[in-house]
Amino acid sequence: MRIGLIAPPWVPVPPVGYGGTEAVVDNLARGLTELGHDVRLFTVGESTCPVPRDWLYPHAEQPIGDSMVEAAHVLAAYRNLSRMDLIHDHTVLGPLLAGRYAGELPPVVVTSHGPFTPAPRRVFAEIARTARIVAISRAQARQAAGVRVTAVIHHGIDLDRYHFGSGAGGYLLFLGRMCPDKGVHRAVRIARDAGVPLRIVTKIWEPAEREYYEREVRPLLAPGAPEPAEQGPQGCLELLRGATALLNPISWPEPFGLVMAEALACGTPVITTACGAAPEIVDHGRTGFVCRSDEEMTAAVARLPGIDRTACRDAAVRRFSRERMARDHEHLYAGILAGLRGVAPRRAHPVPA
């Protein structure tokens with residue numbers, strides 16, 4: 001199949017630092033290519049994903065979310081990819097604009113990377129009139145009342161990059177955005193109460209992130225502690241392999257949570273809350289702990305010696321590989337194209353339990 005992928009214009013593919021969507025697009029492009037498909041990616045010029053690439057903007061655009069910038073980017077993308085067999089769009093504005101030209105374009109698939117709150121539900125209900133919607137977890141799909149979801153496909157990662165680690169660093173790790181929903185302040189308190197050092201890897205780019213850090217997080221840190229900062233991909237991998245556990249005290253219905261799959265791939269158990277897709281990723285008592293309160297998360301730290309790190313790695317290999325994600329998308333695409341030809345479509349693989 002000739003498959004066109006559209007990434008947002010805000011971050012290169014793969015990302016140098018923060019960029020969950022872009023990491024997923026990179027792995028999908030590589031995985032589909034490994035399956036023998038002709039993949040073309042529309043992104044920004046500084047991207048390095050090893051597939052044929054095109055772009056309008058040579059560099060990632062800032063500020064994130066500028067609608068005029070995104071509109072120009074996606075219009076150029078659809079013109080560029082109009083001769084592909086199928087287009088898979090990872091933006092929101094793109095399929096809305098493409099819906100005006102539905103009869104002139106190949107079939108469009110759209111992955112929703114955010115929660116189906118009221119405003120996105122309204123937008124994706126419109127998108128679903130002319131495109132197929134992919135949800136990234138069953139929890140996310142359950143939010144999509146009134147939106148026709150074609151498939152649920154969990155993210156996958158490049159397991160060759162995420163090597164098994166011993167967890168000998170003796171610290172807990174928080175790895176995510178600096179915002180209340182990610183629970184950075186809660187992570188600091190939980191680690192403190194458990195008596196275990198906490199390493200924080202995060203971005204503090206935006207005014208809201210800076211305000212939250214100064215108000216809620218910094219006062220909890222030990223005097224003289226260095227300000228949390230981003231790490232490059234290799235630095236993050238080393239921290240994940242050395243961590244006793246990933247501490248992920250989210251308080252929002254996170255649609256997936258890629259960092260949890262990345263931790264498991266390193267053999268690192270995850271302590272998290274029962275929000276969003278977390279119970280689909282973490283097997284309570286086997287690959288980590290899914291908790292209902294900060295007190296439960298603190299108590300879970302003492303139970304970490306009972307978690308077999310090889311079981312964490314095995315779960316990631318079985319459920320969160322790039323190959324599995326690419327195969328699931330391949331089956332989805334083939335079914336869509338077969339349906340257009342009047343052939344009985346093949347069923348996409350279900351999300352593994």
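Predicted model: local features only at pLDDT ≥ 70, side-chain atom pairs only at ≥ 80, totals over all residues.
The side chain of threonine 287 reaches the backbone nitrogen of aspartate 283 at a distance of 2.9 Å. When neighbours within four places in sequence are left aside, the residues in contact with threonine 287 are Leu264, Pro269, Val270, Ile281, Val282, Ile307, Ala311, Cys312 and Ala315.

## The seven-stranded sheet

Elsewhere in the description stands an open sheet of 7 strands, whose order is S3-S2-S1-S4-S5-S6-S7 and whose pairing is parallel. Its edge strands are strand S3 (53–55) and strand S7 (149–152), each of which pairs on one side only, and the twist from one strand to the next averages 25°.

In general, the strands of a sheet pair through backbone hydrogen bonds, in either a parallel or an antiparallel manner. Within this sheet, strand S4 (residues 86–89) and strand S5 (residues 108–111) run parallel and are joined by 3 bridges; isoleucine 87 has valine 108, in S5, as its bridge partner.

## A helix across the strands

Helix H13 (residues 322–340) lies across strand S1 (2–6), S4, S5, strand S6 (132–135) and S7.

Notes: Residues numbered from 1 in each chain as written. Heavy atoms only, no water. Polar contact = N/O pair within 3.5 Å; in protein donor to acceptor, adjacent residues only side chain to side chain. Contact = heavy atoms within 4.5 Å. Pairing = 2+ DSSP bridges. Helix = DSSP H or I, 4+ residues; strand = E, 2+ residues; numbered from the N terminus. Axes fitted to C-alpha atoms, helices over the stretch in contact; angles between N-to-C directions.
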